[in-house]
Amino acid sequence: MTLLEIDNLHLGLRTADGIVHALHGVTLHVDEGEMLAVVGESGCGKTVTMQTVLGLFSAREIAYRQGRIGFAGRDLLELPEDEMRRLRGSQIAMVFQDPMTALNPTLTIGHQIGEAILAHRRVSRAAAMRQAVALLSQVGVPQPEMRAAQYPFQLSGGLRQRAVIASALACGPRLLIADEPTTALDVTIQAQILALLRSLQRQYGMAIILVTHDLGVVAEMADRVAVMYAGRIVEEGPIDAIFSRPSHPYTWGLLECLPRLTTLRSQKLRTIEGAPPDLAGPLPGCAFADRCAHAMSVCWEYLPPMFDAGTKHQSACWLLHPHAAPIAEATRLRQSASAPDEKGLPRGRA
Amino acid sequence: MSVERAHETLDPPAEVFRPRAHGPAAKTVVVAPGRRREIVRRLGQNRLAVAGFWIIVALVFMAIIGPSLVPYAYDEQNLLEANEPPSGRHWFGTDDFGRDVFARTWTGARISLFVGFTAAFLDLVVGVVYGGISGYVGGTTDDVMMRVVDLLYGLPHLLSTVLFMVVLGPGLFTIIVAMVATGWLGMARLVRGQILQLKELEYVQAAHALGIPSRRVLARHLIPNAMGPILVNLTLTVPAAIFTEAALSFLGLGVPLPLASWGTMTAQSLVTILTGDTWRLFFPAFFISLTMFAFNAFGDGLRDALDPRLRR
Amino acid sequence: MTAYLARRFLLSLLTLWVIITLTFVLMHAIPGDPFMSEARISPQAMENLRRYYGLDRPLLVQYGRYLANLARGDLGRSLRSEVRDINQIIADGLPISALLGAEALIVAVLGGITLGVLAALGHNRVPDHLSMGTAIVGISVPGFILATLLIDVFAVRLGILPVATWGTWKHTVMPAFSLALAPLAYLARLTRSSMLEELGQDYVKAAVARGLSRPRVIVGHALRNALLPVITVLGPLTAGILTGSFIIEYIFGIPGIGKIFVLSISDRDYPLILSGAVVYSVLLLATNFLVDVAYSLVDPRIRVLGRAR
């Protein structure tokens, strides 16, 4: 059953340097209880999309907003602020990227978890604090009573992120959005936090959107992957399909950037050349065309629609158009030499 | 948005499905404008700062030519024309000795601006030398030098200035000396902080590694890069100094008579509240306030332009 | 935390000693002595006077005696005032100045924070422009000019407030407001930028994402942290109000220590000037120390770690 359905979401944000056209028709859905990974480089609109779902942009920041965000039968974009507030934290919760900044430095850990409970339930302050301690122990924080009384700066990065997760879980949300939850952490801690998220997902039966720029993380965790580029979803499909039969040149590029066990030490790590386009101006065609080795004239002139690339697997690339097939054949053949095969899947790294 | 939608529904003709040669990211290269030009542009967008700038220009201009626009000297008494309201003969009226308030106001502007700029400049010189040495040498030297600053910093500026004035006696230069005596402390702290921050930067360490002498690293790299906040502090020191001079003159501790200063003019015009000749009070009071406003507005704008994070 | 505060306290004592010493040296660096200008006094009487005030002793002895007297709380004797005992002079003036200063401080803090918060919440809209307009006026118009303006309007033209001297609360309205405007303006700007900074922090967004209501996020999270830098400037701000009282008390003819200090300067009453400087320094250092204590109580980073950020 579909829990969250984002349909053709356009968003412009006011910044000090003018309007940034952040989202250009994002279409995305999450099913009940599944884990969807949203992948893309920084600035592609992952975080903006997620914060729009939670309604975290104020009316004054938003220059324009179009589309629909369906959640449990309601359009979140139409919801009045008061109802939206009741939804935040209780139905949809968010784990932020940096646990250093996502916690208020002058309030205790327990207070910040407890206030999430108090915002939604009619319980006493003491009961909320007891529950906060229970949540801390549930997310694997040792000595939860002591930790609850401490301030963020007294906890390590890993413990802090566990505390943030505990505050997100406080009201048992149906959807948890984890926005790069491990980027700011040490590698060893990253694995622990990811494992925690997975076990919590099973335990609570909630859906998780895992936002990341690290395909390695995705391979271990997700059911489905959505690849995002310059404010659009460019490819979307089940995890196996994305890793074994990627069909968008940008996804090829992302996969090539992954270090693999088979990569020789003398080989340079591959990168995608160039930088994402400036989102301040209009883009008539495919935003990736400038960086794409397989671009055709059409790519600059026409916006590629979503083409079917397999079962439940779609890709917004003109190479999938019947006219392009003969030409694309050659490039695909050339590509397959460097595209990752089953053996090279980073899944084996864990 | 509607344009994009239109494209989505179009079926493109077959001939556009041909590979097209291009260099990667050829057209998305954005040339960053020069830093200095960018700062000036941001400053130009701040209406208060622009207003402040032009007021400062006008004040300086009038301080230069103002006194010579009227045929009266600032200390020329004419008791027959005492306490006259503004008229065609005396644009700003006359005071109780029949002196021309217009001439006195712009002579006062000379003094205020001279005191303001000189005090700010001397603060800068002492502060940059002291703070620069402290920050650049570091270690025990830094500790000792900053402890001294900490100790003196506890002293309120106006109090120490007043005490120095008591010792030095009234006069234009003694005011400046009295103000600079403790005024440089803030600048020294600021410069030291900047230097410490910049010392950690890679290009400075690279310059060291290349064997460039310390003196040149300091002069060529550190000081030019610390200029931003220092410039702001400098701009905001000017009105503070002008205020202090006016306050001291108001208390009779400032420039000696018959020299005209806005502070003494205000003090001497206090009595007009009761006599009703309030224009004498109005002109010096208005121009002190205008000057303070202009420098503060320009300094604030400069700070915001230098640090866009703070622009709000 | 105790160690931190103990260190701050010792530093304050040291600063006080430096100030006393500097002032003492400055006062004695003035060529001649206070009685030189008194032409009518006979040489014999002058000698007696000098001996009475201990001016015939070597400077170091005078300094030692002065410090010893200070330690016993004895500020010495005035040269000119009818009341010779400086302790008495200060005791008469201090309560008046303290009341006026406290009034001004309260007006400045409450007004400044309110304006700053309103400006931040209505960022770039009418409340912001109004608050910042008030602030720029407050920073541009010196207290002594504001004071004369207020007298002209409220005392002379409207006649609703008394012009000068000291008595009922009505006498405090104009001087307190004249003293308060500049620090109020400064606090409004500081609170505004501090509040805007905090409102842009991730933890504010995180608190919203937890489902907290807007007032709760603003008061319970953003304002709480935005006030920390405000506390740190209360020390210098009090200094500004205290030194501002020199002029304001002089204009309004209020018999506080500010007016006494200004008169002692024009009288060249060196012991009284010296005492004024000492009293002001003690007041300021005490304020700064109290601010440190308050700050370490509200900022857990200092309370727990025992050091500044």
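Student: Which residue forms a salt bridge with Arg189(C)?

Tutor: This is a predicted model, in which local features need pLDDT of at least 70, side-chain atom pairs count only at pLDDT 80 or more, and totals for chains, interfaces and linings use all residues. Residues are numbered from 1 along each chain as its sequence is written, chains are lettered from A and ligands numbered from 1 in the order in which they are written, and side-chain values use heavy atoms, with hydrogens and water left out. A salt bridge requires a side-chain nitrogen of Lys or Arg within 4 Å of a carboxyl oxygen of Asp or Glu. With its closest N and O atoms 2.6 Å apart, the partner of Arg189(C) is Asp300(B).

Student: Why does the pair Arg189(C) and Asp300(B) join two chains?

Tutor: Helices here are DSSP runs (H or I, at least four residues), numbered from the N terminus. The pair joins two chains because Arg189(C) lies in helix 7 (residues 170-199) of chain C, and Asp300(B) in helix 12 (residues 279-306) of chain B.

Student: Is Asp300(B) buried or exposed?

Tutor: Buried means under 20% relative accessible area, exposed over 50%, and partly exposed in between (1.4 Å probe, protein chains only). At a relative accessible area of 12%, Asp300(B) is buried.

Student: What is the relative accessible area of Asp128(C)?

Tutor: Asp128(C) forms a salt bridge with Arg192(C), their closest N and O atoms being 2.7 Å apart. Asp128(C) is buried, and its relative accessible area is 2%.
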